[in-house]
Amino acid sequence: MSFYEVYGCAAFGFGDQALQVEGNISEPTFYLADAVLPTHPSGKIRTGEDAEEERIHSGLSWPPEARISRKAFMRRAPIPCVWNGLVEAGDRVARWKVGQGVSFTLNRIIALHIVDLLQNAGFNRQDMAVLAIPDALDEFGQDALLRELKIAGFANIQLLWRPVAAAISWLSEIDQNEKHDLGKSPNEHIVVVYLGPDGVEMTTFGLCREDYDGTEFVIPVRERPTCFPTITGFDWAANAIEAFRKDMDDGAFWQAFTNFPHIWEAISGRRYSKDRIVWSFDDHWSFWNPGEKLREHVFEVSSKPNARLRETLSNSCSLLGTSDADSIEPVGEKLAGYFLSVLKSRSKSRLRGILVTGSLCPPELPSWIFSASNELRSLGVAECSKKPKTDAIWLAHSHNALVDGCAEYGRRLDMGLPTYLDTLPQLAVLVEMGGEHKWIDLLKSETCKGGKPFKPPSIRNKFAIQANTQRLQVFLKKGEVRKRGFFHPEIGNIYDGVTRQTFRDEEILATVQHAGSYEKVLELFPQKESDGGAYARKIASEMFGNPFRRAEFSFPTVPVENMPVNISVEIRPASGLAQITLEPSNADDAIYLRGREIFLDYSTMEETDPPPQPTLGWPDSVKIEVDPDATFSRACRWSIEKYLQANPDDFNILNLVEDVKWALTYSIQNYANYRPINQDGAAGTEEASRLIDMLAKKASIDFPAIGDGLKRKFISRLSWLYAKTPENIRTEVRKNISQGYYNIKWNEGVEAAGRIFINENDLKLLYKEVYKRIRSNHNTPFPIQSYRALWRVLSLREKSPLAMARKQAEAFCEESVKMMRREANTNRYKQRFFQAAGLFLFILRFRQVDRGFLDPDNLSDSGLFKRAIECLRAAEDHFSRSHEPGADRAKELVIGIEKFMRFEGSNDILTSVRP
């Protein structure tokens, strides 16, 4: 049993109400609600009746503090405008300025307005309130609003999308007999039309059924909106006031807008509550008495943002708007077009009902809905009803479906009953995989239960804190943040801090509008500092929102090895930002964070652009180019055929195998890069590939019959079949390199392994045995066969770095630098130097596993890095002075290797280091 009351609340600045479940509902206030802001940061913000009694910026000509000016700051903030500003702010902090550096966040103003409404309705701090929020309010704004309400002492607040609240109200009020078949088909939907002072929303919901203890509930399924409302109630009202009386001064306009109820009553179809009101002008007094003329023409006024209202508020809160300020389309026509587009948006789904709600909902069917009669009839919705009913239009003029739906939602939450399904926002984290930046989804656009926490599986093995690093940068990306249909750069501070391309302003603006997203603008304007890039980014940020955020963390201790971390996320629909947590994958690593978890707070992360793709810090693997004409199959046919016909016990079998090896390594004049077969054992023609298969089969059959004294050379020659080398030969090679005797059999076995080992286990064996020999060599020179074997597997096998351990990579790298130094010290820059340099280059591919490998800023690697640079610089100097053939190309190679070391590499140099 709950020991608190549950309230539903809708507080958008006109007709605001709070409803207690199974209790009373507060009386609606049919005037525009304001907040009066103080001039001191710690002053009291006045709301409700207190704000109405204040004369500050009321628009009167006297006293002086009541006057308003378009050039001054505004201390009276209309609540619908504040809501609209909070929604348009998206994932950024929005403030209302009152002058002299004092400002207040929009979420604080709204929170205090809500607090006043709830307190007047009898709400106690232990009670729970469900608050309706705009459908496009960003998680950032939700979080900020909940935080301000908590500061005010209202911690038990739940948020609910207002169209969802209306849909829950509609579904809970429908007669049980009508509800029997509702939602049984997956292709059914309803439409909720919200008409409010802050905006107009027309939302479609799919329907589904959810069972709870044998009772089936029909619940709505929400999809995330893709754009802001294009019509606001306050612009509509302001345009209607100006259309009624064109010769008003700003003060008179402001009084009619904020203090007189008639314009709002005319839009919502209510009877006028007063006949006439005293009206103050700059130089005289008059009466405001609009009569029926105002009501008759209220749908004929312009739908564009009201210039006078926007300019009056612009110094305090720049409301950029979401519709074209140059539009001349009447509001009735715009509503009709919007409504018709929503009706047509789900052509393959059955429309089961329409609910029109909000404080501006009319009592009778408006003309803009009536104009869609033919479409409605074709969809099976032709009836207008005074109560919720399937296959009909319900005008909830006298019923506040928002507070009713919020209260019902709160009741269901309290009892654990089904509420609705929501679509989660998209959220991704940037990781580096294979040398490229990739976005990994933390949250996908999937549905979850409304009001319930959602925690998808953690992301594992995609993220790591680099060894010897004390700081970590994290980049997050949200899904589409916002989308405007237009933009006026003259409004706001769009030119601040950017170099204008005045002659191209219109061109850049048109390009950005056409791009449709911030990411696309980054592609079109990759250079921020040139060609209007900064200006384009500013416009795109205002139009679409910048979805990228960056945070940096410092750790109390430094891990000595790469520390894998898991990333987990938890979110609750309409409850603010997702909670993102980083924690070590291995329990033993928790010491580096001293038992702490890392929490990513999107609200405190700085707005940024994604980092550029990393330049190359390692080369790609190499594909051996085969002769497309398979010349070897003709030039060496006789040698190949002779072996294919020989018996394994022939006295000259090794000579025949030597000829096969010559065929498999046949070099074509003028085409030095072409080889007979590639690392996969494939030749350039189908006929030649069949010939290779025949050789492999013959070798497999012959090998068991080859005498022990001949096996070593047999293996050495026929391992040039690369991946087509038979498995029994592969098995013998495994045995030879694992014997622990470092003789010629081991040397030739290792070199053969460099050609024929493919799978991870074989590669691990090769690395292990070569590493073992290094550790037992006692500073004797590293065998050249080991260089060539490692060079081949690392250059030819795509996944070869994955089988290597860091200690092995460090050892191999050290040996290659030793050989380069030995050759450099004797001024020998020949084959051995370049074999060592080639091995060094391809060992850099281990950075795919550990990006911090051979990092000059890493203390454990800096010495090796420095020695390698010295060798390469010496070679560069040698070839700069040399007149030998190929000296220029050799110089380019050593320079290219150094660039790879510094993550500035290019694969252009790979033609010089092919195995």
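What radius of gyration does the protein have, and what value would a compact globule of 915 residues have? The protein has 38 Å, whereas a compact globule of 915 residues would have a value near 29 Å. The radius is taken over C-alpha atoms, and the globule rule is 2.2 Å times the number of residues to the power 0.38.

## Basis of the report

This is a predicted model, in which local features need pLDDT of at least 70 and side-chain atom pairs count only at pLDDT 80 or more, while totals for chains, interfaces and linings use all residues. Residues are numbered from 1 along each chain as its sequence is written, and side-chain values use heavy atoms, with hydrogens and water left out.

## Overall form

Along its principal axes, the C-alpha trace of the protein spans about 120 × 65 × 55 Å. The protein contains 31 helices and 28 strands; these are DSSP runs numbered from the N terminus, with helices (H or I) of at least four residues and strands (E) of at least two. Of the 915 residues, 56% count as buried. Buried means under 20% relative accessible area, exposed means over 50%, and partly exposed lies in between (1.4 Å probe, protein chains only).

Contact here means heavy atoms within 4.5 Å. Among contacts between residues at least 6 apart in sequence, 72% join residues at least 24 apart.

## Surface and charge

The accessible surface comes to about 40100 Å², and 47% of it belongs to carbon and sulfur atoms. Accessible areas come from the Shrake-Rupley method with a 1.4 Å probe; for residues, only the protein chains shown count as cover.

There are 116 positive and 123 negative side chains, and the centres of the two sets lie 6 Å apart. Lys and Arg count as positive and Asp and Glu as negative, with His and the chain ends not counted. The place of each charge is taken as NZ of Lys, CZ of Arg, CG of Asp or CD of Glu.

Helix H5 (residues 162–173) has 12 residues, which at 1.5 Å a residue should span 16 Å; its end C-alpha atoms are 17 Å apart, which agrees. The expected span is 1.5 Å times one less than the number of residues. H5 is mostly covered, with 10 of its 12 residues buried. Among them are Arg162, Trp170 and Leu171.

An α-helix has 3.6 residues a turn, so residues three or four places apart point the same way.

## Loop residues and their contacts

Glutamate 223 lies in the loop between strand E12 (215–221) and H7. It is partly exposed, with a relative accessible area of 47%. Leaving aside neighbours within four places in sequence, glutamate 223 is in contact with Arg346 and Thr423. Its C-alpha atom is separated by 8.5 Å from that of leucine 424, 201 residues apart along the chain.

Threonine 608, in the loop between strand E28 (606–607) and helix H19 (632–635), is buried at 16% relative accessible area. Residues up to four places away aside, threonine 608 touches Phe475, Asn546, Phe548, Arg549 and Arg550. Asparagine 777, in the loop between helix H26 (760–776) and helix H27 (784–796), counts as buried at 12% relative accessibility. Beyond its neighbours within four places in sequence, asparagine 777 is in contact with Phe782 and Pro783.

## Backbone features

Which peptide bond is cis, with omega near 0°? The bond from tryptophan 62 to proline 63 is cis, and proline 63 lies in the loop between helix H1 (48–53) and strand E5 (76–78).

Glutamine 100 has a phi near 55°, a positive value in a residue other than glycine. This glutamine lies in the loop between strand E6 (95–99) and strand E7 (102–105), and it is exposed at 81% relative accessible area. Tyrosine 722 also has a positive phi, of about 55°, although it is not a glycine. Tyrosine 722 is in the loop between helix H23 (708–718) and helix H24 (727–737) and is buried, with a relative accessible area of 5%.
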